[in-house]
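Dear colleague,

I am handing over the structure below, together with some notes for someone who has not looked at it before. Please read the notes with the model open beside you.

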Amino acid sequence: MFKKVMAGVLAAGLVGAAGTAYAGKDLDAIKARGQLLCGVSTGVAGFASADSQGKWTGIDVDVCRAVAAAIFGDADKVKFIPTTAQQRFTALQSGEVDLLVRTTTYTLTRDTALGFDFTGINYYDGQGFMVNKKLGVKSAKELNGATVCVQPGTTTELNLADYFRTNKMTFKPVVIEKIDEVRAAFFAGRCDVFTTDASGLYATRAANAPTPDDYIILPEIISKEPLGPVVRHGDNQFADIVRWAFYAMLEAEEYGITSKNVDEMLKSDNPAIKRILGVTPGMGKALGVDEKWVYNIIKQVGNYGEVFDRTVGAGSPLKIARGQNALWTQGGLQYAPPIR
Amino acid sequence: MTDAMPVGDRKPLPPPVDETGVVGWARKNLFSSWGNGITTIVLIAAVVWILNWFLEWALFTANFTATTGSECRGGGACWALIREKFRYIFFGSFPYQQHWRPLFAVITMLAMLVLSADRRMWNWRLLVIWGVGSFITFLLMFGQIHIPLSLILFVALAGGVIGLTLRSALAPSSERMAYYALIGIGVVGLALRIAGVLPKWSIAIAPLSYVETSLWGGLPVTLILATYGLAFAFPYGILLALGRRSNLPLIKGLCVGFIELIRGVPLISLLIMASVMLPLFLPSGTTIDKFLRAQVAVILFAGAYIAEVIRGGLQSLPKGQFEAADAMGLNYPQKTLLIILPQALRVVIPPLINTFIGFFKDTSLVLIIGIFDFLNTANQALVDPNWAGFPGEVYLFAAFVYFIFCFSMSRYSKYLEFELNKGTRR
């Protein structure tokens, strides 16, 4: 142990001495270590949670695995480091993690003043409304005069007030401090509407509703919470790999490449698919990784649609609709620049 | 003429039936007046009602066999969740096939604690028990241990110095020569090692695959943090307490300053410092193991509290004890170790155990820096979307395990108080 720590300290000293001029220092350290250190949350259903065998699963976890697959050709060469909300940015700044995929909202100050780069948006979240089906409400615009369960002092409460004011509606707030009690109050029928981030609404419905099918989440999303992977400033090559590992999952979905058919797709005549899967070489070299990088990601992790379905979508207990997270070709916001 | 029975031989009548046995006890204690009678009946009804409700939920309608969370829903308690998750709750993310390692580590630690609870072991045996026990525990948890040469040399040096101070006037000359030899080996070896003459060499004991601390979780983490936190905090606290009573202003000032600083802030802020601030002060790329950081924070924190408890014991000793020790020609370490501390520590056993129990539970605050102790792996079991929504069952289970540990500690404290105060009881 001591020896390993000392070796780590020495290696870190050497890397530090090499200076910031060397562009790929984070990537070099990751390769030398043979493992990607990925900061995830300490447990958010569908995004990052440990299963009964202690294995991490979730949509955030799969982004980490895709990056590992791109760098090492092996999605399992990643160590997940649970981080709390207070601790996550320090962990990234201090080098305790290489990459942070932790339901972190993409904002200007975080992207600039904290010294980070957001490399994309792997989940478009935003505040939504959940109601009992018995109300017969199909849209948030019909909620005039409703009682709304909400936590005090959060942006959620402010967004709620703004939304009702701009739509010239009134509501009666039921303000409760603790989230568990807010949920209990809603399912006990003390209020008509429960509002929080949409992913939280789906998780609540799956976990706490007496019968999940009795409740619907209304289609209106009233705030922007784009969640994405974050890296430190200073290693643009590593940031590129993280960015394109995620785009590759989107591109694969767009071209219909899945973990099941990826081997057949290698024989495809479509020049775009040939480029993506490295049959026509060049993309991997440009990115500084193996030419089969996308093949490895799709084979071992899957395309974005598969991942979404497995972790938070229809194939999971959360049953979150694709909504804004559908591909741009299907009316959503997920859009990847071309791999060429 | 009647045979008058002598007064002393008259047999006392037995007390009336309703004064003895269960009926008598109930009359006397439960139904002595109308008010008490009604209170008793209301309380019994309440207890029966709650017990009935609890048993209905926890046993009769409970689900023990479901394979997913949704099957569990609607009925009573979902104990199937515990059945599914207990290995994760106990051992966290430790590689699943190797769960026997943390299991045996926990057993070793418990055996170590139980053995050192026996007063007959309170001598050199204690060192052996802890040395062997700790070695086995960490070998099982890490899988590989590298003992560097410099550590061996340092231990030799420390052993020599400690032996010499404690036994200076008492030991035969051959023993003293051995201590000098140890110190010599230590100093020369370390000097050569630093100069680079001796190679960077270490004993590698590696029978198992290496598992890093970030994968540890559950009960072993709670036990290691609490056991070693307190094991190190105890001597450290004694030193602080002695330092606080020292006549040297610098030492006294440092000890008072440290104790007051630590006692003035909550443990959570210390952990946040260790996890959020400390890494920013270190050069970039350098990280200290998260688990080690938490362990050090717990030791510092517990040390300050234990110091104040022990200071109470020191102050309760009459001055005559100190003067008698001085009169016998004992030096300061001998006086402290042989005369003062044994008496002082005996006095403070109840508050010490109280501190221990508190810290056993406080270790769950390490969640704040993303370490998964027992309570936090239990929390994590709630997040799994397949099994979400049964907090009651999980928290009851966690509470039950904590209770077993804390209750046995408090029973032990009671036994110890009894044993150690035999001399003063009449």
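How far apart do the C-alpha centres of domain 1 of chain A and domain 2 of chain A lie? They lie 33 Å apart, where domain 1 covers 23-124 + 226-314 and domain 2 covers 127-223, with bounds that come from an automatic or database domain assignment.

Before going on, please note that this is a predicted model, in which local features need pLDDT of at least 70 and side-chain atom pairs count only at pLDDT 80 or more, while totals for chains, interfaces and linings use all residues. Residues are numbered from 1 along each chain as its sequence is written, and chains are lettered from A and ligands numbered from 1 in the order in which they are written.

Leaving aside neighbours within four places in sequence, A:Val67 is in contact (C-beta atoms, placed from the backbone, within 7 Å) with A:Leu36, A:Leu99, A:Ile241, A:Val242 and A:Ala245.

Between the chains, 39 residues of chain B are in contact with 37 residues of chain A. On the side of chain B that touches chain A, α11(B) gives the most, with five residues.

Chain B has 17 helices and two strands, and its C-alpha trace spans about 110 × 75 × 40 Å along its principal axes. Of its 426 residues, 28% count as buried, a residue being buried if 20 or more other C-beta atoms, placed from the backbone, lie within 10 Å of its own, exposed if 12 or fewer, and partly exposed in between. B:Tyr180, which lies in helix α8 (residues 173-195) of chain B, is exposed because 12 other C-beta atoms lie within 10 Å. The C-alpha atoms of B:Tyr180 and B:Arg411, 231 residues apart along the chain, are separated by 44 Å.

With best wishes

Key: Contact = placed C-beta atoms within 7 Å. Helix = DSSP H or I, 4+ residues; strand = E, 2+ residues; numbered from the N terminus.
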